[in-house]
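Reader: Hi! Could you walk me through this one?
Author: Happy to, let's look at it together.

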Amino acid sequence: MSTKRSDIGTGRDLLALALLVGICLAIGGLGGAVTASSVTEWYPTLTKPSFNPPNWIFGPVWTTLYVMMGIAAWRVWRAADRDTARGPLALFALQLAVNLGWSIAFFGLRDPGLAVVVILVLDLLVVATALMFRRIDGLAALLLVPYLAWIAFATVLNVAVWRLN
């Protein structure tokens with residue numbers, strides 16, 4: 001019989017929290033590394049819609065979202081036994097990889113059309129992840145709502161940039 005991780009001591013819980021938040025922030029860092037040169041060289045040359053946010057907002061927003069995502073994953077890890085958490089956390093990891101894939105498609109490959117395909121897949125994966133998380137921990141699912149809202153906005157922005165260019 002599996003035991004819930006909530007029965008594990010506080011030190012291990014905090015280590016798991018730090019690890020999960022750290023993984024999310026590391027993915028964000030990798031995405032930032034892929035993005036860095038394109039933001040200064042290529043992105044300014046694109047025609048953007050009037051609702052395009054200023055560049056400075058992306059860093060703070062993504063940092064906040066990655067922290068919330070890590071906390072959400074930690075809550076699922078902590079609330080469920082290993083067998084129950086495995087599927088939702090695997091889906092979480094997949095959406096995190098696709099999140100990085102969007103940065104690679106849009107900024108690394110400089111291909112807004114490919115990025116539209118990637119972000120549509122990401123949208124679906126995040127919805128599925130939130131629904132799976134909700135079965136285990138309602139707050140974990142709610143922590144993904146701002147992320148979903150942001151990538152929904154990013155989807156509209158990505159489509160607009162693609163169409164304008």
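Author: Let's begin with the charged side chains: this is a predicted model, and the count of salt bridges in it comes to 4.

Reader: Nice. Which residue does arginine 78 form a salt bridge with?

Author: Arginine 78 pairs with aspartate 13, and their closest N and O atoms are 2.8 Å apart. This pair links distant parts of the chain, since arginine 78 belongs to helix α2 and aspartate 13 to helix α1, 65 residues apart.

Reader: Is aspartate 13 buried or exposed?

Author: Aspartate 13 counts as buried, at 4% relative accessibility. Arginine 78, in contrast, is partly exposed, with a relative accessible area of 30%.

Reader: And what does arginine 75 meet in a salt bridge?

Author: That would be the side chain of aspartate 137, again at 2.8 Å from N to O. Aspartate 137 is in the loop between α4 and α5, while arginine 75 is in helix α2, so the pair links parts of the chain that are 62 residues apart.

Reader: How accessible are those two?

Author: Aspartate 137 is buried, with a relative accessible area of 12%. Arginine 75 comes out at 26%, which makes it partly exposed.

Reader: Where is the salt bridge between arginine 86 and aspartate 83, then?

Author: Both residues are in helix α3, and being 3 residues apart they are separated by about one helical turn. Aspartate 83 is exposed at 53% relative accessible area, and arginine 86 is partly exposed at 49%.

Reader: What about tryptophan 62 and tyrosine 147?

Author: Their ring centres are 6.0 Å apart and their planes lie at 70°, so that pair is edge-to-face. Tryptophan 62 is in helix α2 and tyrosine 147 in helix α6, so the pair ties together parts that are 85 residues apart in sequence. Tyrosine 147 is buried, at 1% relative accessibility.

Reader: Which residues have the most contacts inside the largest nonpolar core?

Author: Tyr147 again, along with Met69, Phe106 and Phe133, in a core of 47 residues. Helices α1, α2, α3, α4, α5 and α6 each supply at least two residues, and α2 gives the most, with 11.

Reader: What is phenylalanine 106 in contact with?

Author: Leaving aside neighbours within four places in sequence, its contacts include Trp42, Tyr43, Leu46, Pro112 and Val161. Ring pairs also link Phe106 into a cluster with Trp42, Tyr43, Trp102 and Phe107.

Reader: And what sits over the ring of tyrosine 43?

Author: The charged end of lysine 48, 4.6 Å from the ring centre.

Conventions: Residues are numbered from 1 along each chain as its sequence is written. This is a predicted model: local features need pLDDT of at least 70, side-chain atom pairs count only at pLDDT 80 or more; totals for chains, interfaces and linings use all residues. Side-chain values use heavy atoms; hydrogens and water are left out. A nonpolar core is a set of buried Ala, Val, Leu, Ile, Met, Phe, Trp, Tyr and Cys residues joined through side-chain atoms within 4.5 Å. Buried means under 20% relative accessible area, exposed over 50%, partly exposed in between (1.4 Å probe, protein chains only). Helices (H or I, at least four residues) and strands (E, at least two) are DSSP runs, numbered from the N terminus. Contact means heavy atoms within 4.5 Å. Rings of Phe, Tyr and Trp (its six-membered ring) pair if their centres lie within 6.5 Å; planes under 30 degrees apart count as stacked, over 60 as edge-to-face and the rest as tilted. A charge sits over a ring if NZ of Lys or CZ of Arg is within 6 Å of the ring centre and within 35 degrees of the ring normal.
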